[in-house]
Amino acid sequence: MAEGKFETILYDVPEDGIARIRLNRPDRANAQDTQLLYELNDAFDLAARDPDIRVIILAAEGKHFSAGHDLSELDSAGAMKRFRTVGAICGFGCAGAEAQMSREEEIYLGFSERWRNIPKPTIAAVQGKCIAGGLMLAWPCDLIVASDDAAFADPVVSFGIGGIEWFHHLQEVGPRKAKEMLFTSDAVSAAEALALGMVNKVVPRDQLEQATLEMARKIAAKSRFALKLTKLAINGAQDAGGRELAMKNAFHLHQLAHTHNLKVFGMLMDPTGLPEATRKAMAARLAAAAAEKGGAA
Ligand code: ZN
């Protein structure tokens, strides 16, 4: 049984041919800090490279799938330097929009797009809240099994940004529902997600693990190469409709919003709609960055 050495991720092979990756920060609702994202990427690589693995499950420990990006991470610049990032080579550590864009190009837009294109079927098992950055882990998977308590939301318009970095809403729910999700910040329930075709199956919470394994088992019995070709055919059809270019356009607008908010509010988001705890965490992060800058000068 292949085992990865991770701190924020669990990796196991519950059955022949099936790799299972689990987010393991349940005390923080699996909020994604820099380390978790790099470890998750490494875990996907581990499963993709293993010739015995035919299907990859992405699940999460605890009550919630993921609360999104960990906005309380104080030293994200330091974390980016610790990991071998493209951003560190081509501009991370620089000031202003360049640094933020480099970070987000790599660990948000880049990782989610990369995971979408893994040449093996992937299944997300989602329970509880799947918020903002949480969607950027579930949506890149080919299939989604949700528990009946799952709720999906991208509330970032409330924080002065037009949508998350991996702007896949249109492919998931269509343009009209995407606008409703984004304009109102309202969550989509598991039942509604099923009706919209955003998830494949909804099961009671205590059956989520078994239902996901059952689906994985069925797929693992099929030809590995045929599965890869099917995935290429469907993803390729989406791309032929201009998906990639539209997503890059949305990503650049996202960067414009960060730059605007930094200029107007002194932070990457409009604090007006932020919960008090998040506002405080972001202010602390900003102060830490300013202190580091002061120390280095
Ligand atoms: Zn962003």
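1. Basis. This is a predicted model; local features need pLDDT of at least 70, side-chain atom pairs count only at pLDDT 80 or more, and totals for chains, interfaces and linings use all residues. Residues are numbered from 1 along each chain as its sequence is written, and side-chain values use heavy atoms, without hydrogens and water.

2. Overall. The protein chain has twelve helices and nine strands. These are DSSP runs, numbered from the N terminus: helices are H or I with at least four residues, strands are E with at least two. Of the 297 residues, 52% are buried (under 20% relative accessible area, 1.4 Å probe, protein chains only).

3. Strand β3. This strand covers residues 55–60, and six of its six residues are buried. V55, I57 and A59 point one way; I56, L58 and A60 point the other. In general, side chains of a regular strand alternate between the two faces of the sheet.

4. Partners of β3. Strand β2 (residues 18–23) pairs with β3 in the parallel sense over six bridges. Pairing requires at least two DSSP bridges between two strands. R20 stands opposite I57. Strand β4 (residues 122–126) is also parallel to β3, over three bridges. There, T122 is the bridge partner of I56.

5. A second sheet to check. Strands β5-β7-β8, in that order, form an open sheet with mixed pairing. Its edge strands are β5 (129–131) and β8 (188–189), each pairing on one side only. β5 and β7 (residues 151–153) run parallel, joined by three bridges. C130 stands opposite F152 in β7.

Key:
Buried < 20%, exposed > 50% of the residue type's maximum accessible area, 1.4 Å probe, protein only.
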